[in-house]
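Colleague: I would like to go through a structure feature by feature. Could you show me how to read each one?

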Amino acid sequence: MAIQKEKTPMRSQSPEERIKNFDEVPFGYNKEEALREAERCLQCPKSPCVDGCPVQVPIPQFIKALRDGSVEEANEIIKSKNNLPAICGRVCPQESQCEKVCVMGNKKEPVAIGRLERYVADTMLEREKNISADTAEKNKGAADMALEVKKEKKRKVAVIGSGPAGLTAAADLAKEGFAVTIFEALHETGGVLRYGIPEFRLPKKILDQEVDYIKGLGVEIRVNHLVGKSVTIDELFADGYEAIFIGTGAGLPRFMNIPGENLNGVYSANEFLTRVNLMKAYKFPEYKTPVKVGEKVAVVGAGNVAMDAARTAKRLGSEEVVIVYRRSEKEMPARDEEIEHAKEEGIIFKLLNNPVRLYGKNGRVARMECVKMRLGEEDASGRRRPIPIEGSNWIMDVDTVIVAIGQTPNPLLPKNTPNLATESWGGIIVDEKMATSRKGVFAGGDIVTGAATVIEAMGAGKKAAQSIKEYLEKEK
Ligand code: FAD
Ligand code: SF4
Ligand code: SF4
């Protein structure tokens, strides 16, 4: 039988329907669709797709298990490398990772690896959910007791931050038999997965289930603990933690530094999305949204964060949402799928434009002045440099501006930790083992690389967990 040329399509909400709600956009594969897609995999002996995955998921093996009818085995194979598959299947930039190097992609569309991973993970999460609450409660009691007994004898490791880097490091260390405690500054777990990525891309219930899996491995999570303020790294060592992993992310928003940026109605994307996601504005009218979006919203930037902010503003009822970006479509850093979805939802793209000034009316932003740009030579980032076109300034009416031009590491913890070496831009410096300048302290994720991706943060958490294990074995 000839191999299907295109990926098996994934059913999703229509654009007209989905801009009125915060439900997830794509529905995921059903069994028949998943099997049809799995059949497209060539089971290549060299499997370049595995090298394309930052955590090296054994892709052909899990697809084969799925094809052979065992979702459980497929799930085990994925989980041997990836603790959060339902999340990665949804938000990984597959097109620039595993799927980019898939052999099928040479002549046809690559195998939809992310969609298959999502299918396996969702099927298993659904099955686990169906275990009766009674049985789960009984098992939990027994597991808690066993955990308490075991924990007394285990060596203690602290993980700071519950984003994908921290969750992955914690899970891997718990699997290795360490007593792991995560300290999280916010009142909820998940980092950007919870307060950044909106419900319509990553339902919170999926994140909750993945976090439950990690708790089930024996990881203790203490929320509302701002390390560097409520407790220091030195105090954690004094409390018996023998190694520490820092995965505090890059949560400090960058601003444009243009006149008018402090007017009312100007948000950082971080603040805007946090208010919506953490304060549940997406559940309107059940929850009263504390975020005010106007009729005409401009979102500055073109990464995933910008797409999320624009699509969220649309769902909160804005009439016109415009993405303003200083380069062209080719340079936009957002995932292809997100750009596609944003366009389908009626988001307007004003490319090759850069804001230079904001004007207010009665203290609230009312107009935005932009200058048109052209592209010059490639800069250090490998993208063509945007150059302002003299005399091309123009003005657009706006009542809300959301700035999504990047984030930098939160400085609190590095600032309050003596002898922790950092880069000039705030990132923590690590060696090839993810070890920092402080003995027994390791770091990974956005706090080291600057804003990157979920799977890269997970890869760093994984690598650090392995190094912590080796370090503790030596320190016995
Ligand atoms: P984070 O996820 O930022 O987690 C850090 C955690 O540490 C947070 O919970 C924070 O509260 C906590 N913390 C900070 N300081 C302290 C402290 N002092 N004490 C205790 N806890 C602390 N990537 C993708 O791959 N695909 C996408 O589609 C995608 N979309 C994105 C959309 C948005 C809106 C944003 C903001 C990012 C997106 N990213 C995406 C990037 C991705 O989410 C991040 O690269 C990833 O979450 C980084 O993981 P992390 O664990 O390093 O940090
Ligand atoms: Fe691809 Fe991400 Fe899964 Fe790796 S974790 S196989 S990059 S979808
Ligand atoms: Fe299958 Fe593509 Fe990997 Fe080959 S490269 S094993 S076709 S997923």
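Colleague: To start with the ligand, how far is an oxygen atom of ligand 1 from a polar backbone atom of Asp 446?

Modeller: Keep in mind that this is a predicted model. To read such a contact, look for a pair of N or O atoms within 3.5 Å. Here the distance from a ligand 1 oxygen to a polar backbone atom of Asp 446 is 2.9 Å. Ala 165 also has a polar backbone atom 2.9 Å from an oxygen of ligand 1. For Val 192, a backbone N or O atom is 3.0 Å from a ligand oxygen.

Colleague: How much of ligand 1 does the protein bury?

Modeller: Ligand 1 exposes 1000 Å² when taken alone, and the protein buries 95% of that.

Colleague: Which elements give two or more residues to the shell around ligand 1?

Modeller: They are helix 9 (164-175), helix 10 (192-195), helix 14 (304-315) and helix 18. Helix 14 gives the most, with 3 residues. In total 35 residues surround the ligand, and the closest are Val 91, Glu 184, Arg 201, Val 227 and Val 454.

Colleague: With which residues is Tyr 195 in contact, leaving aside neighbours within four places in sequence?

Modeller: A contact list shows which parts of the chain come together. For Tyr 195 the list is Leu 186, Gly 251, Asn 270, Leu 273, Thr 274, Asn 277 and Leu 278. Take Thr 274 as a case: 79 residues separate Tyr 195 from Thr 274 in sequence, yet their C-alpha atoms are 4.8 Å apart.

Colleague: Where does Asn 270 lie?

Modeller: Asn 270 is in helix 13, which covers residues 269-278. With a relative accessible area of 18%, Asn 270 is buried. Neighbours within four places aside, Asn 270 is in contact with Tyr 195, Gly 251, Pro 253 and Gln 407.

Colleague: How many residues of helix 13 are buried?

Modeller: Of its 10 residues, 8 are buried, and helix 13 is mostly covered. The buried ones are Ala 269, Asn 270, Phe 272, Leu 273, Thr 274, Val 276, Asn 277 and Leu 278.

Colleague: What is the phi of Lys 280, the residue that follows helix 13?

Modeller: As a general rule, most residues other than glycine have a negative phi. Lys 280 has a positive phi, near 60 degrees. Ser 47 has a positive phi as well, near 30 degrees. Ser 47 sits in the loop between helix 2 (31-38) and helix 3 (48-52) and is buried, at 14% relative accessible area. Leu 352 has a phi near 55 degrees and is found in the loop between strand 9 (348-350) and strand 10 (353-361). Leu 352 is partly exposed, at 27%.

Colleague: Which loop holds Ala 404?

Modeller: The loop between strand 14 (400-403) and strand 15 (407-408). Ala 404 is buried, with a relative accessible area of 10%. Not counting residues up to four places away, Ala 404 touches Ala 269, Val 299, Val 300, Gly 301, Val 305 and Ala 306. Of these, Ala 269 is among the buried residues of helix 13. For Asn 362, 42 residues from Ala 404 along the chain, the C-alpha separation is 25 Å.

Colleague: Which residues touch the most other members of the largest nonpolar core?

Modeller: Ile 59, Phe 62, Ile 87 and Leu 116 do, in a core of 73 residues. Helix 18 (residues 454-474) supplies the largest share of this core, 10 residues. Another core, of 30 residues, lies apart from it; among its members are Phe 22, Ala 269, Ile 339 and Ile 347. As for Leu 116, its contacts beyond four places in sequence include Tyr 29, Phe 62, Ile 63, Leu 66 and Val 111.

Colleague: Last, how many disulfides does the structure hold?

Modeller: Look for cysteine sulfur pairs within 2.5 Å. The structure holds 0 disulfides. Cys 41 is buried at 13% relative accessible area, and Cys 53 is buried at 9%.

How values were computed. Residues are numbered from 1 along each chain as its sequence is written. Chains are lettered from A and ligands numbered from 1 in the order in which they are written. This is a predicted model: local features need pLDDT of at least 70, side-chain atom pairs count only at pLDDT 80 or more; totals for chains, interfaces and linings use all residues. Side-chain values use heavy atoms; hydrogens and water are left out. Helices (H or I, at least four residues) and strands (E, at least two) are DSSP runs, numbered from the N terminus. Buried means under 20% relative accessible area, exposed over 50%, partly exposed in between (1.4 Å probe, protein chains only). Contact means heavy atoms within 4.5 Å. A nonpolar core is a set of buried Ala, Val, Leu, Ile, Met, Phe, Trp, Tyr and Cys residues joined through side-chain atoms within 4.5 Å. A residue is near a molecule or strand if one of its heavy atoms lies within 4 Å of it. A polar contact is a pair of N or O atoms within 3.5 Å; within protein, one must be able to donate a hydrogen and the other to accept it, and residues adjacent in sequence count only if both atoms are side-chain atoms. Accessible areas come from the Shrake-Rupley method with a 1.4 Å probe; for residues, only the protein chains shown count as cover.
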